[in-house]
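User: Hi! Could you walk me through this one?
Analyst: Happy to, here it is.
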Amino acid sequence: VLFFLPALKTLAYFPQGTDKARSGILWSISKGYGKWAIFKNYLKDFTNQIRPWFIKFFINTEAVALFSLAVNLTSFIQGVFPLSVFPSLIPRELDNSGRRRHLFARGMKYVFFFGIALMFISFFLVPPAVRFLLPKYTPAVPLFRALTLVFPLFGIAKFMGSWLIAFREQKSIFMAPLAYTFSIPVLSVLLLPVLGLWGAVLEFLVTSAITIPIFYLQLRQIDPALRLRLKELMTFDQY
C-alpha cells in the first residue's frame, strides 16, 4: 500500500516504445540463475526451522528457548558487519585481474580481523546486558559466548558470497544451504543425546563453517588467483 503510488510514478518515467527484444530479460534472468537465489532462501528457511525441533525432541522446550536466544543475539550482532559495500564494489573490478586479487586478499583479511574483534567485544559486553535485562535467560550466556566463534566465519563466508554473486554463481551459493540439510540432522542426532545443548552449539558452528570451503573451492575454480595465503592474512605492511 505504501509503495503503490510511488511505483506508479516511477513507471511513468519509462519510455512507451521500449524494445520488445528486451521485454523478456527478467524472465531469462530468473530462469537462468535467479531461480537458485529463490530456492536458496526457501531451503535456508527450512533448514533453520528444523534445528529447534531436534533440540525439543532430544532435550526439552526450555532448551529451545535458551538456544534460540543465543542464536538470535549472534544474528543481531552480525548486522554490525560493514558488508553492504562489497556487492556494489566487487562487480566494478571483475575485469581487472590484478585488482581482483588485491581486493580479495585485503577483504578476507579485514573481515576476518573485524570478526575477531567483534567476537571479543561481544564476549565481554553482551552477557552483563543479558543478565540485567533477561535474568531468566542467564543460562544462555555460556552458549552465546561459545557461539561468538561464528563471527570470523560469518564475515569470510559473506565476503566470498559477494564474489560469487558478482560472478553470477547463485547455483554455487545454493550448495551451502543444501549441505545444511544433511549436516543439521546428522550432527543433531549424533551430538544432542550426548552433549545436550553444547551439542547444538557444536552443530551450529560446524554447519556455519561448512560454507567456507564450499565457497572457496567454487571461487578457485572460477579464478585460480582468488586464493588466500596465510602470510597475507598475518602481514601488516605499509599499505
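User: Which helix gives the most to the nonpolar patch?
Analyst: That is H9, with 3 residues. Helices here are DSSP runs of H or I, at least four residues, numbered from the N terminus. Keep in mind that this is a predicted model, where local features need pLDDT of at least 70, side-chain atom pairs count only at pLDDT 80 or more, and totals for chains, interfaces and linings use all residues. Residues are numbered from 1 along each chain as its sequence is written, and side-chain values use heavy atoms, leaving out hydrogens and water.
User: Which residues form the nonpolar patch?
Analyst: Val194, Leu195, Trp198, Leu202 and Val206, with about 450 Å² of accessible area together. H8 and H9 (197-222) each supply at least two of the patch residues.
User: Switching to H8, where does it bend?
Analyst: At serine 188, by about 35°. Just after H8, glycine 196 takes a positive phi of about 70°.
User: Which residue has a positive phi although it is not a glycine?
Analyst: Arginine 168, at about 60°. Most residues other than glycine have a negative phi.
User: And where does arginine 168 lie?
Analyst: In the loop between helix H7 (150-166) and H8. Arginine 168 is exposed, with a relative accessible area of 56%.

Note on methods: The bend at a residue is the angle between axes fitted to the seven residues ending there and the seven starting there. Patches are made of residues with over 30% relative accessible area and no salt bridge: like charges are joined within 9 Å, nonpolar side chains (Val, Leu, Ile, Met, Phe, Trp, Tyr) within 5 Å. Accessible areas come from the Shrake-Rupley method with a 1.4 Å probe; for residues, only the protein chains shown count as cover. A salt bridge is a side-chain nitrogen of Lys or Arg within 4 Å of a carboxyl oxygen of Asp or Glu. Buried means under 20% relative accessible area, exposed over 50%, partly exposed in between (1.4 Å probe, protein chains only).
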